[in-house]
Amino acid sequence: MTQPALAPVSPRVAVIGGGPAGLMAAEVLAAGGVQVDVYDAMASVGRKFLLAGKGGMNITHAEPYPAFVGRYRERHEPVAAWLDHFDADAVRAWIHALGIETFIGSSGRVFPLEMKAAPLLRAWLHRLREAGVRFHMRQRWLGWQDGQLTFATPDGERLVQADATILALGGASWARLGSDGAWVPLLAARGVDVAPLAPANCGFDAGWSAHFSSRFAGEPLLTVAAGVRAANGDIAWRKGQFVVTQTGVEGSLVYALSAPLRDAIARDGKATLWLDLAPDHTAQRVVDEVTRGRGSRSMSSHLQSRLGIKGVKAGLLHECLSKADHADPARLAAAIKALPVTLLHARPIDEAISSAGGVRFEALADGSAMLRALPGVFVAGEMVDWEAPTGGYLLTACFASGRAAGRSTLDWLGVAGGDRGGM
Ligand SMILES: Cc1cc2nc3c(=O)[nH]c(=O)nc-3n(C[C@H](O)[C@H](O)[C@H](O)COP(=O)(O)OP(=O)(O)OC[C@H]3O[C@@H](n4cnc5c(N)ncnc54)[C@H](O)[C@@H]3O)c2cc1C
């Protein structure tokens with residue numbers, strides 16, 4: 001009697017980390033026909049994704065592709081290799097296929113119609129479960145033992161055998177949502193080149209005087225421009241908003257400049273944030289107004305009535321200018337258009353929106369998401385060494401790199417065919 005042919009057993013892939021990058025990798029793997037198990041340290045997946053949705057989830061950006069790719073600064077080339085397969089349009093098409101409509105805001109930012117992440121995550125998890133993806137919660141990955149993955153679980157330590165592993169463990173901001181950067185020493189000990197994690201899209205400490213912070217902490221600057229001086233001396237001004245905090249500054253305009261500010265502090269011990277407190281007036285108009293006769297009026301009520309400089313803006317001029325400069329109309333006018341604010345430290349990484357640093361691209365096998373030092377182990381998402389401003393660029397790169405990791409894993413396993421979804 002001939003034995004019935006055994007059905008071939010499909011390879012088993014462990015995806016560790018259930019954020020947007022890990023879930024996207026799981027989607028590609030499941031479509032490729034392999035068994036997928038997602039492990040996460042938290043009680044549920046996608047916690048940071050859900051938090052990102054609280055303030056109005058900005059999922060991607062509608063600007064032209066070359067500008068979009070340029071947002072990834074020094075890492076635009078390897079990130080473009082991901083985005084070439086899954087760009088902003090692909091992100092939108094993917095969300096629409098989950099039954100969630102999107103719209104483009106006036107800034108070009110793309111949002112789900114309801115501005116929330118929860119309906120999107122619900123629909124996505126449903127799709128993944130339907131595709132056979134299994135989820136294992138409260139499983140904290142601790143490394144490897146005898147070639148197996150080790151997890152701390154509520155029932156004690158557990159060993160897991162997998163044919164390939166995708167690590168999508170995130171950076172180190174908002175550790176209470178699960179990504180705490182504890183993976184850094186685990187990979188470094190295995191010879192993986194990891195750039196130290198650093199805050200990105202973060203606030204800064206400015207060393208305010210007690211008087212200034214007691215009067216102005218919490219005050220927003222709503223009509224202002226800011227910039228960082230480039231090596232050639234130019235300042236590329238951008239308009240936006242930020243908030244004065246107890247110790248310094250935070251908010252979208254500061255986040256947008258945080259990479260060069262952070263790098264300057266690392267290099268020089270401090271950085272200068274330049275502020276234009278009257279961005280709607282020309283420098284000449286400001287000079288004219290500051291120097292024009294003001295009768296018996298004080299300079300502060302003159303600046304308020306002629307240029308709208310009052311409250312926190314007036315406070316910043318007093319805080320950041322010497323008395324002599326403040327009393328000199330020409331220097332005061334110049335400072336209104338370019339006020340140097342000295343920043344001393346980036347705020348701690350746990351407070352940042354995202355992390356810079358992580359597994360260096362040089363640690364990856366050519367054209368793959370696989371670690372050179374650890375064959376069969378792939379990485380995705382914010383734990384890889386790239387950074388981007390807010391504006392949907394973070395999530396888009398996480399999605400795209402999750403897909404790239406899923407694709408690399410299928411290739412490495414020699415899995416042919418399957419719907420690799422948009423690759
Ligand atoms: C307040 C806030 C608002 C944001 N808003 C936006 C926005 O509007 N648009 C945008 O593009 N981006 C936004 N982001 C950034 C975006 O959320 C992140 O870049 C993205 O979630 C990173 O995805 P990831 O999958 O790489 O990692 P994460 O989402 O951090 O997921 C990593 C997962 O790995 C798990 N994990 C970590 N270590 C272990 C371990 N040892 N064992 C098991 N599991 C582990 C974690 O529990 C977590 O679930 C925001 C971030 C924050 C904090």
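1. Ser 355 makes a side-chain contact with backbone: its side chain reaches the backbone nitrogen of Ala 172 at 2.8 Å. The model is a predicted one, and the distance should be read as a computed value from that prediction. Ser 355 itself belongs to strand β19, which covers residues 354-359.

2. Setting aside neighbours within four places in sequence, Ser 355 is in contact with Gly 171, Ala 172 and Ser 173, with Ala 198 and Ala 200, and with Ile 349, Glu 382 and Trp 386.

3. A separate pair concerns Ser 355 and Thr 102. In sequence they are 253 residues apart. Their C-alpha atoms lie 27 Å apart in space.

4. Ser 213 sits in helix α8, residues 210-216. Its relative accessibility is 8%, so Ser 213 counts as buried, the limit being under 20%. Leaving out neighbours within four places in sequence, the contacts of Ser 213 are Trp 208 and Gln 246.

5. On helix packing, helix α11 (residues 283-291) packs with helix α12 (residues 299-307). The angle is about 140° and the axes are 10 Å apart. The two helices are therefore oblique to each other, since angles count as roughly antiparallel over 145 degrees. The crossing of α11 past α12 is right-handed.

6. The α11 side of this contact consists of Arg 285, Val 286, Glu 289 and Val 290. On the α12 side they meet Met 299, His 302, Leu 303, Arg 306 and Leu 307. By class, the residues of the contact of α11 with α12 comprise five nonpolar, one polar and three charged.

Terms used:
Residues are numbered from 1 along each chain as its sequence is written. This is a predicted model: local features need pLDDT of at least 70, side-chain atom pairs count only at pLDDT 80 or more; totals for chains, interfaces and linings use all residues. Side-chain values use heavy atoms; hydrogens and water are left out. Axes are lines fitted to C-alpha atoms, for helices over the stretch in contact, and angles run from 0 to 180 degrees between N-to-C directions. Helices (H or I, at least four residues) and strands (E, at least two) are DSSP runs, numbered from the N terminus. Angles under 35 degrees count as roughly parallel, over 145 as roughly antiparallel, 65 to 115 as roughly perpendicular and the rest as oblique. A crossing is left-handed if the near helix is turned anticlockwise from the far one by less than a right angle, and right-handed if clockwise. Contact means heavy atoms within 4.5 Å. Ala, Val, Leu, Ile, Met, Phe, Trp, Tyr, Cys and Pro count as nonpolar, Asp, Glu, Lys and Arg as charged, and the others, Gly among them, as polar. A polar contact is a pair of N or O atoms within 3.5 Å; within protein, one must be able to donate a hydrogen and the other to accept it, and residues adjacent in sequence count only if both atoms are side-chain atoms. Buried means under 20% relative accessible area, exposed over 50%, partly exposed in between (1.4 Å probe, protein chains only).
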